[in-house]
Amino acid sequence: MKRILLLLAAMLLAVTAADARKAPKKKAYVHETVAIPEVQPRVIAIETDNTALILQVDRKGVVRTRHYGAKLGRSEDFLNFNDKAFKDIDPGSLAYPSSGGRYTGSSALSVLYPDGTRNTEIYYLSHEVAGNKTTIHLKDYVTELKVDLVYESFPKEDVIVIHSEIVNGGKKPVSLTDYASSSMTLNARKYFLTHFHGTWAEEMQVDREVLGHGIKVLESRRGVQTSQCGNPSFLLSLDTAEWSETKGEVVAGALEWSGNWKISFERPESGYLRINAGINPYASVWSLAAGERFVTPGMVWTWSDEGAGKASRNLHRWARNSQLYAGAQITPTLLNNWEGTYFSFNTKMLLDIIDDAASMGLEMFVLDDGWFAKDYPRNDDKAGLGDWELNTDKLPEGIDYIASHAHNKGLKFGIWIEPEMVNPESNLAKAHPEWIVQSPGREMEQIRNQWILDLSNPEVQDFVYGVFDRTMSLSDKIDYIKWDCNRSVTSFGSTYLGTEQDRFFIGYIQGLYKVLDRVRAKYPDTIIQCCSSGGARVDYGQLKYFNEVWASDNSDGDSRVLIQYGTSLVYPACIMGSHVSIVPNHQTGNITPLKFRFDLASTGRLGMELQPKDLTAQERVLADRCIKSYKQYRDLVFKGDLYRLASPYEGDDYALMYVSEDKSRAVVFAFCLKFRNRDKAAPVYKLQGLDTSRSYKVTELNVDKSCWWGSGKSFGGDFLSSGGFNPKLSKPHDSAVFLLETE
Ligand code: GLA
C-alpha cells in the first residue's frame, strides 16, 4: 500500500514539472505606489472668542484634530505634538477619518470605487481663510477623490459649524457609503454623554451615561421625522461622570439636517473619543458622478468650561443671531382651536373663540386641522389630506371672513396645513398615485390613515409649494401657518427615482428645502410653525426656515416640565411653542392647576389650546392676568440668556431664569414637583447671570400673596446669587414667577 502511494506521488510530481516547462513565462508582478508629495508641517487654528479647534498637519499631509477647548495663546505649540500612540494603527485623531490606510475605526468617509476598491486616504493640499470661514482642501492621490473641510466660526457665541464637501475628481462615478459632516476627536479621562430619547407626547427626554469602549450610535431612520425618538444633538461632559450646569468642560453638538441622521461616539484603545456626525447613510449610498460635489449639512459645535449651562447658552445665542429664520423675533401669543374643537367647528364657534381670545389679551387665533376638502371632507383624520380647497359646507363664509374678524378684533390669524401628506380617501390619491412614497409590489403602509408624498419628485415639490401658496391666497390676512407632518417614512421608495432608490431619503429632504426656499422667497414675513405630531421635527435644519416648533402634543404640566427642560438643553426658548390646555389633560388625564400650566407655558412662546368657554370665570381672571404679565417680561424669554437653576431629573423641583443681555432685568420661574415636608427648609435658588454689584427689585407676578418673604423689595445681585432667594414652594404644582429689575 505504502509503495503504491509513493508511486502515485512521483507520477504527480512528474506531470506538474512537465506543465511548468510548457507554461509561458509570466511578467513578474510589481506593486507600484503613487507618491504623496511632502508638505510643510503646520498648525491650523479655528478660533472663537474663547475656544479653539486646533488641527495639525504633518509632513506627509495627514491632518489631525489635536485640541478642541480653551483658546490658546500660541496654537503653534501643537506643531510637533506627539501622542506616542502606536504608529501601526492610527489612534483616531484624523480630522476626517476615511476607510483605508492605517485607519480602522468608524469612518467619516467611505467610498466604493468603480474598480471595486474601497481604500481612501486623504492628504492636505492647501487651505484658505476667508473671514470667519476656513477651508482645508484634501485629496486622495490614487483615486483623485477630493474633500473640502469647511469650518465656520461664530466668535461671539463660541460656536464652530463644520461641514464637508466631497468631490469626485476621477473619471467615473464613485459610491459614497459614509459621508459625515464632521468628525471630532476629544481626549479626556471620562466622557459623560447626555442625549435624547422619546416618543409621541414624550419628546426630548434626557438620557445620561458614561461612555465605555466600543461605539455608541444615536440615529434616526424615520425619513422625515428627526426628533420624535431622539434628537440630532447631544452634550458631552468631559472628565466627569456627573451632570453639572455650572462646572467643568462640556462639548455640545447639533446637526443642521431634517432627515435621517447619525451621530456615533467611538472610544478606541487609544483613549480618544471620536465623534462622527452627519446624514445617516442608511439605504443611501450616494452615487457621485465625475466632477460632482456632494455638500453635507453643517454640524454645530460649542465648548464650555462652565458646565452645560454655558454650552446651551452658546447654542441659543448662535441660533438667535445666526441660524433661526427670524432670529429672536417676538411671535404673538395665540389661541389654537385644536384641543378646543378638534374637527367639529363652524364659523360661529370660531368667531366666538376669537372674541374670547381677544378678551383674554391673546394676539393671534390659529385655525387648526379640519377646514378643507369637499369631496372627501376632513371631518376626522381618515379623509381629505391632499385636497386643499376650503370645505364650504363647513365654513361657507370663507377663510377671509374669519381672518377679517380676527383682524378686526386686533388679532392676527393663522391656519394649519399638512402639505406633504395624502389620505387614501382624497382626490389627490386617486389622481396621482405615483406621487406617493411606495415600493413596487409592496403594501403602502398607512400611519394615521395617511400616506406621504414623495418630495424627491420635482412635480411633488411644485404641488407642496402650491398648497402653501394657495392657502395663503384664501385671505390676505393670513399671518401664520402651522405646517404639520404627522407620520414618518415606512416601506420607502419613489416611482420618480427609478433605479436610483438610494437617493430617496436625501432627495426628499433636499426637495423639502427647495420648497421652503421658495416659500420663504415669496413669504418672508409669514410666521411659520414646524409641527410634526408635536415635536418630531425639532432640528437646526428646519429652523433655518421656521420661526418656531410645536414642542409636543402633550401640554400636561407634569409632562411638559421634562419636554421643555430637554428642549432647552439645545434649543432657545423663542422657538418653543408651549400652550395651556384644559384639565383633565387630553393626553395624560392628569390634573394640574391652571397657574402651574400658565407659568410653565410662559417659559416659551405662550399660547392656549382649549375652548375658552370651558374655563370658569375665576380661571378667566387668572388667564387674563398671566397673559398680561407675560407681555411684561417675554422679551427676556425670547432674547435673554437662559440659566437652569434646578433640574427635574435631579430634585423635586424645576427652576430656570432668563436674564437680559445687559443684566438689567431677569425673570425667574420655579415649579414644585413633589411634596416638601413642612420640616424642610424652603428650596434655595442661587440665581445666575445677574450683576452682583447691582441691586434688583424682585416682584412676584400672577399672585396676590407672594410665596417669597422678600417679594416687592430690593436686594443685591450678590445676595440673590448666593442663596438668599428661597421662595416657599412646598406642595406639588406650586409655582412662581418673579420679575427682577435693577433700580
Ligand atoms: C398633529 C399636531 C396637532 C394637531 C393635529 C391635527 O397631531 O401635532 O397639534 O395639529 O395634528 O390633526
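Predicted model: local features only at pLDDT ≥ 70, side-chain atom pairs only at ≥ 80, totals over all residues.

Started at the ligand: Lys 482 puts a polar side-chain atom 2.8 Å from one of the ligand's oxygen atoms. I counted a polar contact as a pair of N or O atoms within 3.5 Å; within protein, one must be able to donate a hydrogen and the other to accept it, and residues adjacent in sequence count only if both atoms are side-chain atoms.

Residues are numbered from 1 along each chain as its sequence is written, and side-chain values use heavy atoms, with hydrogens and water left out.

Back to the ligand. Asp 553 has a polar side-chain atom 2.5 Å from a ligand oxygen atom, and for Trp 416 I got 3.1 Å.

Next entry: salt bridges. Side chains of opposite charge can pair when their charged atoms come close. My rule was a side-chain nitrogen of Lys or Arg within 4 Å of a carboxyl oxygen of Asp or Glu. The count by this rule is 35 salt bridges.

I picked out Asp 148 and Arg 293, whose side chains form a salt bridge at 3.0 Å, N to O. It links distant parts of the chain, since Asp 148 sits in strand S7 (residues 145-154) and Arg 293 in strand S19 (residues 293-295), 145 residues apart. Helices (H or I, at least four residues) and strands (E, at least two) are DSSP runs, numbered from the N terminus. Buried or exposed, I wondered about Asp 148? Asp 148 is buried at 8% relative accessibility, while Arg 293 is partly exposed at 41%. My cut-offs: buried is under 20% relative accessible area, exposed over 50%, partly exposed in between (1.4 Å probe, protein chains only).

Then I looked at Arg 518 and Asp 462, a salt bridge at 2.8 Å, N to O. Arg 518 is in helix H8 (residues 504-522) and Asp 462 in helix H7 (residues 458-472), so this pair ties together parts 56 residues apart in sequence. Arg 518 comes out partly exposed at 36%, and Asp 462 is partly exposed at 43%.

I also found a network of salt bridges linking Asp 58, Arg 64 and Asp 90. Those names came up again in the largest pocket: Asp 58, Val 62, Arg 64, Asp 90 and Leu 94 lie nearest its centre, out of 36 lining residues.

For pockets I used a 1 Å grid over the protein atoms alone: a pocket is an open set of points where a 1.4 Å probe fits, with protein on both sides within 12 Å along at least five of seven lines, and lining residues have an atom within 4 Å of a point. The largest pocket has a volume of about 690 Å³, volume being the space filled by probe spheres set on the points. Strand S3 (63-70) is one of the strands supplying at least two lining residues; the largest share, three residues, comes from S3.
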